[in-house]
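Subject: The structure we talked about

Hello,

Here is the structure I promised to hand over. Please open it next to this email, and then read on for what was found.

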Amino acid sequence: MLRIKNSALRKIIAQAERDYPYETCGLLLGKFEEGVRTVFGAYETPNANPERKHDRYEIEPKDYIQAEKKAKEFGLDIVGVYHSHPDHPDRPSQFDLERAFEGFSYIILSVGKGKVVSYKSWELIEGEFRQEEVLTFG
Ligand SMILES: [Zn+2]
């Protein structure tokens, strides 16, 4: 299960709409406790895949390290990744599956005509994505 602060969710949605028709991406900063990931902030990272921005995203190690530093300042960790699917459903692609890690939450937002139409969160369990419940707070 994923709990996400309203302000973080609003930031992610705004970012996904702003970057349409390209994929947007970033990291989820929060805490993992008793099987629940709680997200307090979203850390935007540039999409480092300039050739295929419309259907790929890539986070550079240097941005990951920056995000981790930021998280530590607030006593948090990186607990997941978010990215958008312009004009595609909020389901993970084969490409997403190949790059996913167990222990992270993956929020995918479907953006149609510049507006977020839906989003879901996924976690990788034994090599397969499973949808997880998303609750907002704050
Ligand atoms: Zn994707």
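Helices (H or I, at least four residues) and strands (E, at least two) are DSSP runs, numbered from the N terminus. With that naming, Tyr20 is found in the loop between α1 and β2. Before going further, please note that this is a predicted model, where local features need pLDDT of at least 70, side-chain atom pairs count only at pLDDT 80 or more, and totals for chains, interfaces and linings use all residues. Residues are numbered from 1 along each chain as its sequence is written.

The sheet

Let us start with the strands. Strands of a sheet pair through backbone hydrogen bonds, either parallel or antiparallel. Here two strands pair if DSSP finds at least two bridges between them. Eight strands form an open sheet with mixed pairing, in the order β7-β6-β5-β4-β2-β3-β1-β8. At its edges are β7 (128–132) and β8 (134–137), each of which pairs on one side only. From one strand to the next, the twist averages 35°. For angles, axes are lines fitted to C-alpha atoms, for helices over the stretch in contact, and the values run from 0 to 180 degrees between N-to-C directions.

You can walk through part of the sheet pair by pair. Strands β2 (residues 25–33) and β4 (residues 77–86) run antiparallel and are joined by six bridges. Leu28 has Gly80 of β4 as its bridge partner, and Gly30 stands opposite Asp77 in β4. On to the next pair: β4 and β5 are parallel, with seven bridges. There, Ser84 has Leu109 of β5 as its bridge partner, while His83 stands opposite Ile108 in β5. Next, β5 and β6 pair in the antiparallel sense over eight bridges, and Ser110 is partnered by Ser118 in β6. The hairpin of β5 and β6 has two residues between the strands, and Lys113 takes a positive phi near 50° in this hairpin.

The helices

Two residues are in contact if their C-beta atoms, placed from the backbone, lie within 7 Å. Helix α1 (residues 6–19) lies across several strands, including β1 (2–5), β3 (36–45), β5 (105–112) and β6 (115–125), and runs at about 40° to β3.

How far does helix α2 reach from its first C-alpha to its last? Helix α2 (residues 61–73) has 13 residues and reaches 19 Å, close to the 18 Å expected at 1.5 Å a residue. The expected span is 1.5 Å times one less than the number of residues. After α2 comes Gly75, with a positive phi near 70°.

Helix α3 (residues 94–99) makes a right-handed β-α-β unit with β4 and β5. Right-handed says that, with the strands pointing away from the viewer, the path from the first strand over the helix to the second runs clockwise.

Inside and outside

A residue is buried if 20 or more other C-beta atoms lie within 10 Å of its own, exposed if 12 or fewer, and partly exposed in between, with C-beta atoms placed from the backbone. Eight of the ten residues of β4 are buried, so this strand is largely enclosed by the rest of the structure. β5 is mostly covered, with six of its eight residues buried.

A nonpolar core is a set of buried Ala, Val, Leu, Ile, Met, Phe, Trp, Tyr and Cys residues joined through C-beta atoms within 7 Å. The largest one has 29 residues, and those with the most contacts inside it are Ile12, Leu28, Leu29, Val39 and Ile107. Its largest share, five residues, comes from β5. Not counting residues up to four places away in sequence, Ile12 touches Ala42, Tyr82, Ile107 and Leu109.

Two residues to look at

Is Tyr20 buried or partly exposed? Tyr20 has 19 other C-beta atoms within 10 Å, so it is partly exposed. Leaving out residues up to four places away in sequence, Tyr20 touches Pro86, Val111 and Gly114.

Gly41 sits in strand β3. Gly41 also counts as partly exposed, because it has 19 C-beta neighbours inside 10 Å. Apart from neighbours within four places in sequence, Gly41 is in contact with Ala8 and Leu29.

Happy exploring!
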